[in-house]
Amino acid sequence: MKLLDDPVYRMACQQFDRAADVLGMPEQFRERIKQPKRCISVSMPVLMDDGSVQVFWGHRVQHHLTLGPTKGGLRFSPQVELGEVAALAMWMSWKCALVGLPYGGGKGGVNCNPRELSLRELEMVTRRYTQEMMPFIGPQTDVMAPDMGTNEQTMAWMMDTYSMHAGHAVPAVVTGKPVSIGGSLGRREATGRGVAFLIGRVMEILQMEPQGTTAIIQGFGNVGSVAAYALRRFGIKIVGISDFSGALFHEKGLDLEKLEAHVLANRSLEGFSEGQWMSNEELLVQPCDILVPAAVERTITENNAHQLKCRILAEAANGPTTPEADGIIDEREDIFLIPDVLCNAGGVIVSYFEWVQDLQNFFWSEVEVLDRLYRVLEPALAAILKRAKERKISHRNAALCLGIERVMQAKQMRGLFP
């Protein structure tokens, strides 16, 4: 589709086509399952602090509504494009189906730089976006959550805007909210903890001992930082960390507490006194046992896949590995891939738990939330490894096949409305 022509969307379609070929999917289903249900783009005039009016563009893509409402994050980034949002919505569809959630995939984005906006301007952008999307969102239609550049406060503003129009509190319209207004315990840490849990399970499968094991994490945002601390609790040494400003590598291990304090004070890693400073690209090819890309899409490509020096590649970001790089990694056979549609599924799983708690007005303890999270991730990993072994396909193809297959079966059962 010319409307969605974007490298990330083409990549998501290429992955889908490969999995559809493995499944032997009939042609009548391919475009119907691949193409998004709705693509919504809106212009958003916002009054800025200096008295000027700036027009931002906001997008929301709802991939399918066959299994229930769409579910997915909202990101604020100057690089947001409609095609990228559509790709992320598609991946969310397979992710939700893979782990058995009653959702279709959704994704939203506003083309802005949140670092350049004041708190009041961020609130105005958020509320205007929510207002423009009002006809297309709701607890049974589309449920948003935080993503890159957004957080609990963003979700609180969205909930408030929607609730003011409804005339009563509607906490289930978004997830990732503060606990005080209907958020779930454990939601903020869920993605990072899920990443660490899966890495731990794979280390058991590979008979790798945590002591002496090293990890590099590309990205020190919510997901990367939580995963770093969780891995360290296993006894794993964190030797590399990066953010938008660059990367640090220290073979003796980085002090996470000092690093976090520096980032809180300076808003980036730049200027931290310990470790060797390098680019994000250089960090990816440093020696380690576990590599966790937890930043943006398309960071592992045909240009660097040959140079990776890890045993486990845990995709905490969405779409970090291109199809060309997949081919190289498959040929190498020395890297155990935990594909993104499983690896970072902890966030949407606990978002589902939050949605359920909001609908019931009955809330769980953090121990219950984490126990339920791991009970969902464990069989999903087992199913992927079983499918990969039976069909002699890659872990990514196995994961995508399981998710896509479940969406196809649901569409077959529901039929085609005239």
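Predicted model: local features only at pLDDT ≥ 70, side-chain atom pairs only at ≥ 80, totals over all residues.
**Entry 1**

Five strands make up an open sheet with mixed pairing, and I read their order as 1-2-4-3-5. I then looked up the edges. Strand 1 (38–47) and strand 5 (142–146) each have a single partner strand, so one side of each has no neighbour in the sheet. On average, neighbouring strands here are turned by 25 degrees against each other, with direction ignored.

I took one pair in detail. Strand 3 (residues 70–77) pairs with strand 5 in the parallel sense, over five bridges. Which residue of strand 5 is the bridge partner of Lys-71? I found Val-143 in that position.

Helix 3 (residues 82–98) does, and it touches strand 1, strand 2 (53–62), strand 3 and strand 4 (104–111). The direction of helix 3 makes about 155 degrees with that of strand 4.

**Entry 1: salt bridges**

I looked up the salt bridge count, which comes to 28. I picked out one of them, between Lys-107 and Asp-147, where the closest N and O atoms are 2.7 Å apart. The two residues belong to distant parts of the chain, 40 residues apart. Lys-107 lies in strand 4, while Asp-147 lies in the loop between strand 5 and helix 5 (152–166).

**Entry 2: helix 4 and helix 5**

I went on to helix 5 and its contact with helix 4 (residues 119–133). Their axes come within 9 Å and cross at roughly 45 degrees. Angles from 65 to 115 degrees count as roughly perpendicular and those under 35 as roughly parallel, and helix 4 and helix 5 are therefore oblique to each other. I noted the crossing of helix 4 past helix 5 as right-handed.

On the helix 4 side I listed Leu-119, Leu-122, Glu-123, Thr-126, Arg-127, Tyr-129, Thr-130 and Gln-131. These meet Thr-154, Trp-157, Met-158, Asp-160, Thr-161, Tyr-162 and His-165 in helix 5. Sorted by class, the contact of helix 4 with helix 5 has six nonpolar, six polar and three charged residues.

**Entry 3: helix 1 and helix 2**

Helix 1 (residues 7–23) packs against helix 2 (residues 27–34) at an angle of about 150 degrees, and their axes are 11 Å apart. That angle makes helix 1 roughly antiparallel to helix 2. The crossing of helix 1 past helix 2 is right-handed.

Which residues make the contact? From helix 1 I have Tyr-9, Cys-13, Phe-16, Asp-17, Ala-20 and Asp-21, and from helix 2 Arg-30, Ile-33 and Lys-34. By class, the contact of helix 1 with helix 2 has five nonpolar, no polar and four charged residues.

**Entry 4: helix 7 and helix 8**

Is the crossing of helix 7 past helix 8 left-handed or right-handed? I recorded a left-handed crossing.

Ala-228, Tyr-229 and Arg-232 of helix 7 meet Leu-256, Glu-257 and Glu-260 of helix 8. By class, the contact of helix 7 with helix 8 has three nonpolar, no polar and three charged residues.

Seven strands form an open sheet with mixed pairing, in the order 9-8-7-6-10-11-12. Strand 9 (276–278) and strand 12 (336–338) are the edge strands, and each of them pairs on one side only. Neighbouring strands of this sheet are turned by 15 degrees against each other on average, direction ignored.

I looked at how strand 12 is held. Strand 11 (residues 312–314) runs parallel to strand 12, and three bridges join the two. Opposite Leu-313 I found Leu-337 of strand 12.

Terms used
Residues numbered from 1 in each chain as written. Heavy atoms only, no water. Pairing = 2+ DSSP bridges. Helix = DSSP H or I, 4+ residues; strand = E, 2+ residues; numbered from the N terminus. Axes fitted to C-alpha atoms, helices over the stretch in contact; angles between N-to-C directions. Parallel < 35°, antiparallel > 145°, perpendicular 65-115°, else oblique. Left-handed = near helix turned anticlockwise from the far one by under 90°. Contact = heavy atoms within 4.5 Å. Nonpolar A, V, L, I, M, F, W, Y, C, P; charged D, E, K, R; others polar. Salt bridge = Lys/Arg side-chain N within 4 Å of Asp/Glu carboxyl O.
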